[in-house]
Amino acid sequence: MAGQIRQPINLENLEKYIRENVPEIAVPLDVKQFGYGQSNPTYQLTDAKGNKYVMRKKPPGKILSRTAHQVDREYHIIAAMATTDVPVPKAMCLCEDDSVIGTAFYIMSFLNGRIFEDPALPGVSPEHRYEMWHSICTTLGKYHRVEPASVGMEKFGRKFGFFDRQIKTFNKLMVDQAEVKDKDSGEKVGPIPHYEEMVKFFGNKETQPRDKSSFVHGDFKVDNVVFHATEPRVIGVLDWEMATIGHPLSDVVNLIAPFTTASNPLAARAGRRNLGFLPGATPGLPTKEQCVKWYEGIVGWEVDARELKWAEAFAIYRGAVIMQGIAARYAARQASSERAMEYGSAMRPHAEMAWEFVQEVERQGREQGIKGNDDLSEKEKASGQGYMAKL
């Protein structure tokens, strides 16, 4: 819901820019700010004809990360998808001139539909719930089958080695965050449980999924799509901030995560279990297996069960490191105590859950004759399989 503007903009400059560059939008404008989009401030623009648009801009002030808040990347991927069968808003304009409203921004069309925070899709019929999940799974398949070069986006990211880069990044984060000391007690945040075993496992080339490459969204899930106002279908995908070229399984496991964790007691302790996804709890909800089949039917390749489990394990490990990071920011008094208590307590059961998944992947791997950590020789471990080699 759009409401009061919390981060003011120069409306006069914005209207002048639109008048000169986007004549389709009729000024003057009525401007409100959405409650979501905290990373990149997001505004609702209503023009003189009553048409609605959405503007996303970089936040004011110094940007600490070179890769954060890249609204230009969001604009370019949305514009590129316009020529495909992936449903996206219409990209209207990109302005990288900071003198207009203080930071770079882009404008896209407003999608008049439904956004659900709960992936169990409350308030719809069982028939529509089934079709809506079918639509989101096939939408992801459509996105992943787009060849980046076919839309002029082959330089949008590195084609291979996505999980290797992710492993290196999150391993280093884990180590750095573990060393952060509480400002008052001096106690270190400490590592997540089973960290040594897990980094060795994820760094083991024998157990990793086969390298694949496609566009990835980076946060593909139910609350980042817009459904038609009355029909059970996706009309647009939102929140493209983390989009790149990478391994498609990273998006798949993110989408089906509510199914993956529903029956896991550790997920409940971590506050990451949706009871609506327990078997039979929500009429019309498909199974995880059905979702994967819908995806496979569009993308044109078969998802290997062991590789899917590996990707799920890594996603949960990644989540535990993110939770550790929030706990570390609180220790340095850069986050609220409420958030720190929530995530600090969730970090350990989340990591324990990742370790359960790792052990299951190793069991499946042994059945397929794939070497796990315990099967590697000391020479193999020292030659690049282990954590230290990754750093």
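Reply: Contact here means heavy atoms within 4.5 Å. Among contacts in the protein between residues at least 6 apart in sequence, 71% join residues at least 24 apart.

This is a predicted model, so local features are given only at pLDDT of at least 70 and side-chain atom pairs at pLDDT 80 or more, while totals for chains, interfaces and linings use all residues. Numbering starts from 1 along each chain as its sequence is written, and side-chain values use heavy atoms, without hydrogens or water.

The secondary structure comes to 14 helices and 11 strands. These are DSSP runs numbered from the N terminus: helices are H or I with at least four residues, strands are E with at least two. Of the 391 residues, 52% count as buried. Buried means under 20% relative accessible area, exposed over 50%, and partly exposed in between (1.4 Å probe, protein chains only).

Start with the core. A nonpolar core is a set of buried Ala, Val, Leu, Ile, Met, Phe, Trp, Tyr and Cys residues joined through side-chain atoms within 4.5 Å. The largest one has 89 residues. I77, M81, W133, I192, F202, F215 and Y317 have the most contacts inside it. Helix α11 (residues 305-331) gives this core its largest share, 11 residues. Another core lies apart from it, with 19 residues, including V31, M55, V100 and F105.

Now take helix α2 (residues 71-81). Eight of its 11 residues are buried, so α2 is largely enclosed by the rest of the structure. The buried ones are V71, R73, E74, Y75, I77, I78, A80 and M81. Neighbours within four places in sequence aside, I77 touches Y143, M153, F156, F215, W240 and A243. F215 is also listed with I77 among the residues with the most contacts inside the largest core.

Next, the helix pairs. Axes are lines fitted to C-alpha atoms, for helices over the stretch in contact, and angles run from 0 to 180 degrees between N-to-C directions. The axes of helix α6 (residues 195-203) and α11 are 11 Å apart, at an angle of about 135 degrees. The two helices are therefore oblique to each other. (Under 35 degrees counts as roughly parallel, over 145 as roughly antiparallel, 65 to 115 as roughly perpendicular, and the rest as oblique.) M198, V199, F201 and F202 come from α6, and W310, A313, F314 and Y317 from α11. F202 and Y317 return here from the list of residues with the most contacts in the largest core.

The second pair is α4 and helix α10 (residues 288-299). Here the angle is about 40 degrees and the axes are 8 Å apart. That makes α4 oblique to α10 as well. On the α4 side, the contact has Y130, W133, H134, C137, T138, L140, G141, K142 and H144. Facing them in α10 are Q290, C291, W294, Y295, I298 and V299.

Q324 is buried, with a relative accessible area of 0%. Beyond its neighbours within four places in sequence, Q324 contacts L173, M174, Q177, A178, V189, G190, P191, I192 and M347. I192 is another of the residues with the most contacts inside the largest core.

For contrast, look at E342 in helix α12 (residues 337-367). E342 is partly exposed, at 39% relative accessible area. E342 and M323 lie 19 residues apart in sequence and 9.0 Å apart in space, C-alpha to C-alpha.

Most residues other than glycine have a negative phi, and most peptide bonds are trans. L121 has a positive phi, near 55 degrees. L121 belongs to the loop between β7 (113-114) and α4 (126-144), and is buried at 0% relative accessible area. D239 also has a positive phi, near 60 degrees. D239 is in the loop between β10 (234-237) and β11 (244-246), and is partly exposed at 29%. The V27 to P28 peptide bond is cis, with omega near 10 degrees. P28 lies in the loop between α1 (11-21) and β2 (30-34).
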